[in-house]
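Biologist: Please take a close look at the aromatic ring pairs of this model and at what surrounds them. I would like each term to come with its cut-offs.

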Amino acid sequence: MDIVTKRLFLLSHCRNMSNQLLNKLLQVDSTLNIIYTLKDYEWELYFNLSREKVKTMKQELNSFHFESLCQKYNEQNILFVAIYDEKYPRLLKEIPDPPPLLYYKGDISLAQHRQLISVVGTRYPTQYGKSALEHLLKPLIKENWIIVSGMAKGIDTLAHESAILHNGKTIAVIAGGLFHIYPKQNISLANKMIASHLILSEHPPTTPPQKWHFPMRNRIISGLSVGTIIIQAKKRSGSLITANQALEQNREVFAVPGSIFDEHSSGTNELIQSGAKLVQDGTHIMEEFRYKENGLTR
C-alpha cells in the first residue's frame, strides 16, 4: 500500500481531523507530507486549527500503528478505499464534499454500478407505505437496479430487505463506524449483507454513531445514486434532508404521493408541490432515466 493512503488512513482516525480538512490537505499536497512539515501556527493560519487541537492531533497520529489497526479491521472483514482509488464510487466523487476515505464490508464494486437508486422515508411506515415500497422496488430490482439506503428502522430497513428478498443487490450507508451497527435490531440484516452486498461508512470502525452523523451520511446515500425515492415523510423529516441534498447534487428526486389527511405523506406531498417527480410505479423511474440517456426531456 502506498504511503499516501497510509497517511490518509491514520489521519482519518484523529478526532480533530474532519473530512473537509482532509480534502483540503489533499488539494494542497497530494502526498500529505505537509502534515509533518507545517508548523503549529501555520495550521492555525491556513487551516483554522488551534494549536491545542494540533497538539492533540500530533499525539494521536504518533500513537496510531497502521499495521495493527489494519489487522484489527481485517479480522472483521473491514476494508477501506481512498477517493483517488479506481474502486472509489464514481458518482460520489462528484458531490461537493465527498468522504476522502470510505470503510466498507462486502462488495465495493456494487458502488460503481450505473443503476443505483436511493430509497428513504419514515421510520414508522403505515401499511400504505410498506405496500408502496414493495410495488415500486420490485420492478426496479428485477431490472438489476441496486437499492441504496441508510439501514435505519422503517423504510430503510424494508428497502434493504426487499432487495435481498427479490434476489437483488443493496448498499447500506451507516452513520457511525462498522463496529457499531445501528439500530442493533439490524445486526442480523447487516450480517446478511456482508456476504454479497455492501455496507459503507465514512467513519473509522471504532466511531460510535452520533446524532449529527445521520444528516451527514444522507449526502452519501444520495451522492452514490442517480436518483432518490422518498416514501412517506413528515414535513420535518431527515428524509427531506436527503431529498434536498440530492437536488443540490443534481440528482433526480422522486416522491410517492399520499393522502392529504395523512401526516406521514405531508412531506412527500410538499416535495411534489415543489417540483419533485410524482412516482406511482417503478417503471416510471426507469423510463425517466431512459429519456435522460437519450437526451430527451418531458
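Modeller: A residue is called buried when its relative accessible area is under 20%, exposed when it is over 50%, and partly exposed in between, computed with a 1.4 Å probe on protein chains only. The model is a predicted one, in which local features need pLDDT of at least 70 and side-chain atom pairs count only at pLDDT 80 or more, whereas totals for chains, interfaces and linings use all residues. Residues are numbered from 1 along each chain as its sequence is written, and side-chain values rest on heavy atoms, with hydrogens and water left out.

A pair of aromatic rings is described by the distance of the centres and the angle of the planes. Rings of Phe, Tyr and Trp (its six-membered ring) pair if their centres lie within 6.5 Å, and planes under 30 degrees apart count as stacked, over 60 as edge-to-face and the rest as tilted. The structure holds 11 such pairs. In one of them, the ring centres of phenylalanine 80 and tyrosine 103 are 6.1 Å apart and the planes meet at 50°, so this pair is tilted. It links distant parts of the chain, since phenylalanine 80 lies in strand β1 (residues 79-82) and tyrosine 103, 23 residues away, in strand β2 (residues 101-106); strands here are DSSP runs of E with at least two residues, helices are runs of H or I with at least four, and both are numbered from the N terminus. Both phenylalanine 80 and tyrosine 103 are buried.

Tyrosine 182 and phenylalanine 214 form an edge-to-face pair, with 5.8 Å from centre to centre and 70° between the planes. Here too distant parts of the chain are linked: tyrosine 182 sits in the loop between β5 (170-173) and α9 (187-196), and phenylalanine 214, 32 residues apart from it, in helix α10. Tyrosine 182 is partly exposed because its relative accessible area is 47%, whereas phenylalanine 214 has 18% and therefore counts as buried. Helix α10, which spans residues 213-224, also holds glycine 223, and this glycine, at 0% relative accessibility, is buried as well. Leaving aside residues up to four places away in sequence, glycine 223 touches Leu91, Leu92, Ile95, Gln249 and Arg251, a contact meaning heavy atoms within 4.5 Å.

Finally, ring pairs join Phe9, Phe66, Tyr73, Phe80, Tyr103 and Phe179 into a cluster.
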